[in-house]
Amino acid sequence: MKKRKKKLLVSLAALLIAIGLLTDTMTAWADAPYKTYTVDGYGYVTETQTAYLPYETITKIGEEALIAPTDFTLLDDGYMYILDSGNRRVVVSDMEGELISTFGEDVLENPRGMYVTAEHICYVADRDAKKIFVFNENGEMTRSYGRPVAAMYGETQDFLPLKIVVNESGTMYIICESNTNGIVQISPVDNGTFLGYFGTNATDPSLWNIVWRSILTDAQRAKMQANIPATPDNMAIDEKGLIYTVTRGEEYDTLKRLNIAGTNMIDTGNVERYEEVPAAVAVGNHDNVFVVSQMGYIYEYNNEGELLFVFGGSDDGQQRIGLSTKVEAIQVDTEDKIYVLDSDKAQIQIYEPTEFTNYLHSALYLFSKGRYTESKEPLEEVLKMNNLFDYANMAMGRALYKEENYEDSLYYSKLAKDYDGYSDSFWEIRNNWLKRNLAAVIIIVFILYVLKKVIDILDKKKHILDKPRKTLEQFGNIRIVSELRYMFYYMRHPIDGCYGIKREGRVSVLSSNILLVLIMLFYVINKYFCGFLLKNVREGSFDIISDIGFILIVLGLVVGCNYLMCTINDGEGKLRHIYCSFIYSMAPYLVFMPVLFVLSHVLTYNEVFFIEFGNLFMVVWIAVLGFIAIKEINNYTVKETFKIIFLTLFTIFIACLLAFIIYVLWAQVFDFIQSLFGEVVYRVGN
């Protein structure tokens, strides 16, 4: 029994030693120490299935330790080239980290970027040497390229290469430090011919800077920070020769896909989330692209710039696999594994896609190639795992649309919040309905027209409508009904309408309150139940109390501040008159909104301008009525009316500012009281 225990302890100790030795070179198969997120159709970041799991970490190449590596390249034949910048060399290994060779020790000074062709020709961008060095497959330096001598390069522009990619013809694209003119293009012809600058980032001066610069002197402008374009941080090239760049500070233009003319092919409207401090970019195998931040967050986009996943993160010192400290580069191998180079840790993190991601990649590739029917099978598998994954629902909707299954396409497009796909499917459904029912609609309209004519004739001869007409007239003469009907007169004759409010008592606070309730009701109905293409709120999300409160607060501020300013500036209007005139000035909203609400359910994106024009027309009408109300109720001139409007807006701003200050102060007082109470309870308890 004792011998058996001794053997067990020896075996356990050997196992622990083996595990310890194994983790010196790599750690394998761990649960993800991070969460994976995606963006839904409303633009909200939501958690989703784990897309990639930490697979292993390469900390050494054979027995060679890396020092501050800054770049690396993976080749399809299983070779990995690592720019070991701290040791001023290039290290060649296999994909498992076994050393094959090193070169460049006697040539490189401060290498920062590298690109390796399929033929194992290695290009190294050396900042301090101010050159591009070219090494052959045996690691021998064959050529070098220095600062271009062409005049259009810039007489005072230095040549400090940081990153490089090379196309199939051998043309080099080089990012140089402090060169804001763009990416430098050098052809290998004639020992390096400068072709010009490529993909220059645009400047976007604010309106404030434009106005401010226009009033400054030349000396003052010289002291201001220059509005110059940013230099890209890193880049990659795909098999088609398209250049991908990442640039910090460019917001939605952080990621670009540049064609041969240097034009960005990614619609910035599709980029829902961007990285503020990008470190590198890599092209995937399925028309997808990866961006990694310096802190280790990895973003995966499709070829349109739509975010699929974001995962990873920064290591807090616990040396957890899958988390990074300072990322320099990212690559993707032929099996879709992601390799991330960390210069601080001097290691390479490897991530393996999950089954969910593999299915999504298959669908992504087939869909991008127009093979929609084939993409349905992997999409169905994705949706089995997560039926709310918006990109999969969008792709399924588009695939069904190509198969002319418009009803199901509409369903999936709505799930994905794919407004373009929904509009296309709805147009087809509506078109098919019209083809089937247009004749019946025309017949019904004709029958109704004939019926109206018959009733008119009978009414003229037999007076069959006299009694209903008299009943309606009596109903219209009821005081409250007459006051409510007055809004139609007010819309058409606002000057006379204001006189009726002020002098004749044609409306009351009660009728105004009823109209206010109707306005709030129409607003809520339109916000939450309008057509899908115009809805701006999350499906099934309701916050009616806040909506009503917002309307009441805005109305209270406008009426109260306007009355205050009018009182100070000799206005004749009473508070009741101002309140009623403002409410009745909203009459176009009550007239137009039901029509626009109905149209939102029957129009597609192609006809949505009808609703946009209707909204604009309605807002302008309301603004004109409000202007006339202020002028006529208070007996102001046009100039005085503009003055009062400006003072009202300024007073509203001051009121909001005071409310914010009071809120902040009260929050601090509340926190102080809460902390004091907690301290008292703690001391009493002890």
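Which residues line the second largest cavity? In this predicted model, the lining consists of Leu533, Leu534, Ser600, Leu603, Thr604, Val608 and Ile611. Sorted by class, its lining comprises 5 nonpolar and 2 polar residues, and no charged residue is present. The count of cavities of 30 Å³ or more is 2.

The packing of two helices was examined next. Helix α10 spans residues 479-492 and helix α11 spans residues 494-504. Their axes lie 6 Å apart and form an angle of about 135 degrees. Helix α10 is therefore oblique to α11, since angles over 145 degrees would be needed for a roughly antiparallel arrangement and 65 to 115 degrees for a roughly perpendicular one. On the α10 side, the contact is made by Tyr486, Tyr489, Tyr490, Met491 and Arg492. Helix α11 contributes Pro494, Asp496, Gly497, Cys498, Gly500 and Ile501 to this contact. Of the residues in the contact of α10 with α11, 7 are nonpolar, 2 are polar and 2 are charged.

Charged pairs were also considered. Side chains of opposite charge can pair when their charged atoms come close. The structure contains 24 salt bridges.

Definitions and conventions: Residues numbered from 1 in each chain as written. Predicted model: local features only at pLDDT ≥ 70, side-chain atom pairs only at ≥ 80, totals over all residues. Heavy atoms only, no water. 1 Å grid on protein atoms, 1.4 Å probe; cavity = no way out; pocket = protein on both sides within 12 Å on 5 of 7 lines; lining within 4 Å. Points joined across faces, edges and corners; volume = space filled by probe spheres on them. Nonpolar A, V, L, I, M, F, W, Y, C, P; charged D, E, K, R; others polar. Axes fitted to C-alpha atoms, helices over the stretch in contact; angles between N-to-C directions. Helix = DSSP H or I, 4+ residues; strand = E, 2+ residues; numbered from the N terminus. Parallel < 35°, antiparallel > 145°, perpendicular 65-115°, else oblique. Contact = heavy atoms within 4.5 Å. Salt bridge = Lys/Arg side-chain N within 4 Å of Asp/Glu carboxyl O.
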